[in-house]
Amino acid sequence: MGKTELYSLYKGFLDCICLCLSRSGDEAAGDNERDTENGHLIYKSGDVLEDRYEIVDTLGEGTFGKVVQCLDHSSVLTHRGGSRIALKIIKNLEKYREAAKLEINVLEKISERDPDNKHRCVQMLDWFNYYGHMCISFELLSLSTFDFLKANNFLPYPINQIRHMAHQICHAVSFLHDNKLTHTDLKPENILFVNSDYSLIYNAEKKCNERRVNDTTVRLVDFGSATFDHEHHSAVISTRHYRAPEVILELGWSHPCDVWSIGCILFEYYEGFTLYQVTCVFVLTHDNREHLAMMERIQGPIPQRMIQRSRKQKYFHRGCLNWNECSKAGRYVKAKCKPLRKYLLSHGTEHHQFFNLLERMLEYEPSKRISLSSALCHPFFLPLHHQVTSQVWRNSCDMSR
């Protein structure tokens, strides 16, 4: 082969490399153009992911990414133009990708242990990686219990609806605990109605119309922070309003921290506002000491055993919470908080039973806090057991005809 032929071959080889580099550069630029600066996927209605999921609308947004409603055009599920599902699109950032993989692992375990979807936890349908965005598809649900409350001007749920919702929440989280999982981020936003259609009812006491959800069937969602018993336990967990005292005092935590969160959630359903209103406008906003002061105002002194074991001795002086009730923040706590039983809206038996359940869920000592298996047997839930028994009896009568 002569020099001319060698030169031509070499030049062709270089041109090929340059073309490949150019193409890979274009693809990388294309990937960058798919995302916003903070890692969200850029999309519009009608876009189709994986030749299967057609985006219809945005359902919500969080620090993790966005949730969109999609039509699933898979051959297995397609009917009348496709099944509607919810698709969680995680940000194209490494820490969120890794967190999504952990969530997928939890969701796979839940599906494995609950193949018939009997335990009120949202079901994962599929997952995939779309240009760096971890995507998880779920059954399509409706409004969260918080969003419904907000749309209803924070008018409380009726006690009979709270009973049904509470029973389902306890059942779902008990199932997690039985499978060595702690949810760690229970809050009204993470409990969704399957169907949030409602009727308008006139509230004579408030002199206004209020929304009454027709069906109180719920699902537990968001397992991004769920932790197996054998895994590393982060020092700080839970959204502030629902955070248990053992977490604040850094005493270590386990399943009972979920029970505390449920107690806070049920109080919020009952009153329409959070038990621990720690988002005040003073200097101590979101401060642990303020939060502990609210607990003491509502439930009495923190047990000495917990104080002595706490790594947060700076919050205490001579075995007592270091808190000035005469300060601006102190006056705020005094005005906002009162002993738990003072929040009773009625002196009917079911209301007293409900508050007895709350007191047992909001027990300071995790070891003394009621377990969810015991909570499900609490007298507050007795009417639900009677309904089931009477339904079984009616069904047996129908069958005997």
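**Notebook: helix H10 and its neighbours**

I began with helix H4 (residues 159-178) and H10, whose axes come within 11 Å and cross at roughly 30°. (Axes are lines fitted to C-alpha atoms, for helices over the stretch in contact, with angles from 0 to 180 degrees between N-to-C directions; helices are DSSP runs of H or I with at least four residues, numbered from the N terminus.) That makes H4 roughly parallel to H10, a word for angles under 35 degrees, while over 145 counts as roughly antiparallel.

I then looked up who touches whom, with contact meaning heavy atoms within 4.5 Å. H4 brings Ile 159, Ile 162, Arg 163 and Cys 170, and H10 brings Glu 350, His 351, Phe 354 and Met 361.

A note on the source: this is a predicted model, where local features need pLDDT of at least 70, side-chain atom pairs count only at pLDDT 80 or more, and totals for chains, interfaces and linings use all residues. Residues are numbered from 1 along each chain as its sequence is written, and side-chain values use heavy atoms, leaving out hydrogens and water.

Next I turned to helix H6 (residues 256-271) and H10 (residues 349-361): their axes come within 8 Å and cross at roughly 150°. That makes H6 roughly antiparallel to H10. From H6, I found Val 259, Trp 260, Ile 262, Gly 263, Leu 266, Phe 267 and Tyr 270 meeting His 351, Phe 354, Phe 355, Leu 358 and Met 361 in H10.

Last, I checked the whole protein chain: buried residues (under 20% relative accessible area, 1.4 Å probe, protein chains only) make up 45% of its 401 residues.

Notes. Helices (H or I, at least four residues) and strands (E, at least two) are DSSP runs, numbered from the N terminus. Angles under 35 degrees count as roughly parallel, over 145 as roughly antiparallel, 65 to 115 as roughly perpendicular and the rest as oblique. Buried means under 20% relative accessible area, exposed over 50%, partly exposed in between (1.4 Å probe, protein chains only).
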